[in-house]
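Have a look at the picture first, and then we'll go through it piece by piece.

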Amino acid sequence: MTQNLLSLTLSDEDVAAVNAALSDLESRLSGLLALDNATRR
């Protein structure tokens, strides 16, 4: 079995930028809703 290992170091500024981008996406996609299984069919 192959393992893909990754080491990544993010600065505080990078983490803040990622969090801001995620918050922006969440607010822009707030109109989306989750459908239950019966509705999807």
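A helix here is a DSSP run of H or I that is at least four residues long, and helices are numbered from the N terminus. Ala-17 is found in one of these runs, helix 1. Keep in mind that you're looking at a predicted model.

**The overall picture**

How many helices and strands does the chain have? There are two helices and zero strands. Helix 1 covers residues 12-28, and helix 2 covers 37-40.

What share of the 41 residues is buried? The answer is 0%. A residue counts as buried under 20% relative accessible area and as exposed over 50%, with partly exposed in between. Keep those cut-offs in mind for the table below.

| Residue | Relative accessible area | Class |
|---|---|---|
| Ala-17 | 45% | partly exposed |
| Ala-21 | 40% | partly exposed |
| Leu-22 | 43% | partly exposed |
| Asp-24 | 35% | partly exposed |
| Arg-28 | 64% | exposed |
| Leu-35 | 43% | partly exposed |

**A greasy patch**

Next, the nonpolar side chains. Val-18, Leu-22, Leu-25, Leu-29 and Leu-32 make a nonpolar surface patch of about 480 Å². One of these residues, Leu-22, has its place in helix 1. Why can Leu-22 be called partly exposed? Its relative accessibility is 43%, which falls between the 20% and 50% cut-offs.

**A charged pair**

How many salt bridges does a search of the whole structure find? It turns up one. The side chains of Arg-28 and Asp-24 meet there, with 2.9 Å from N to O. Both partners lie in helix 1, and they are four residues apart, which is about one turn of the helix. Is Arg-28 buried or exposed? Arg-28 is exposed, at 64% relative accessible area, while Asp-24 counts as partly exposed at 35%.

**Distances along the chain**

Ala-17 and Asn-37 are 20 residues apart along the chain, and 35 Å separates their C-alpha atoms. Ala-21, also found in helix 1, sits 15 residues from Leu-6 in sequence and 23 Å from Leu-6 in space, C-alpha to C-alpha.

Where is Leu-35? Leu-35 lies in the loop between helix 1 and helix 2. From Leu-35 to Ser-11 there are 24 residues in sequence and 37 Å in space, again C-alpha to C-alpha.

How values were computed:
Residues numbered from 1 in each chain as written. Predicted model: local features only at pLDDT ≥ 70, side-chain atom pairs only at ≥ 80, totals over all residues. Heavy atoms only, no water. Buried < 20%, exposed > 50% of the residue type's maximum accessible area, 1.4 Å probe, protein only. Patch = residues over 30% accessible without salt bridge, like charges linked within 9 Å, V, L, I, M, F, W, Y side chains within 5 Å. Areas by Shrake-Rupley, 256 points an atom, 1.4 Å probe, with all protein chains shown as cover. Salt bridge = Lys/Arg side-chain N within 4 Å of Asp/Glu carboxyl O.
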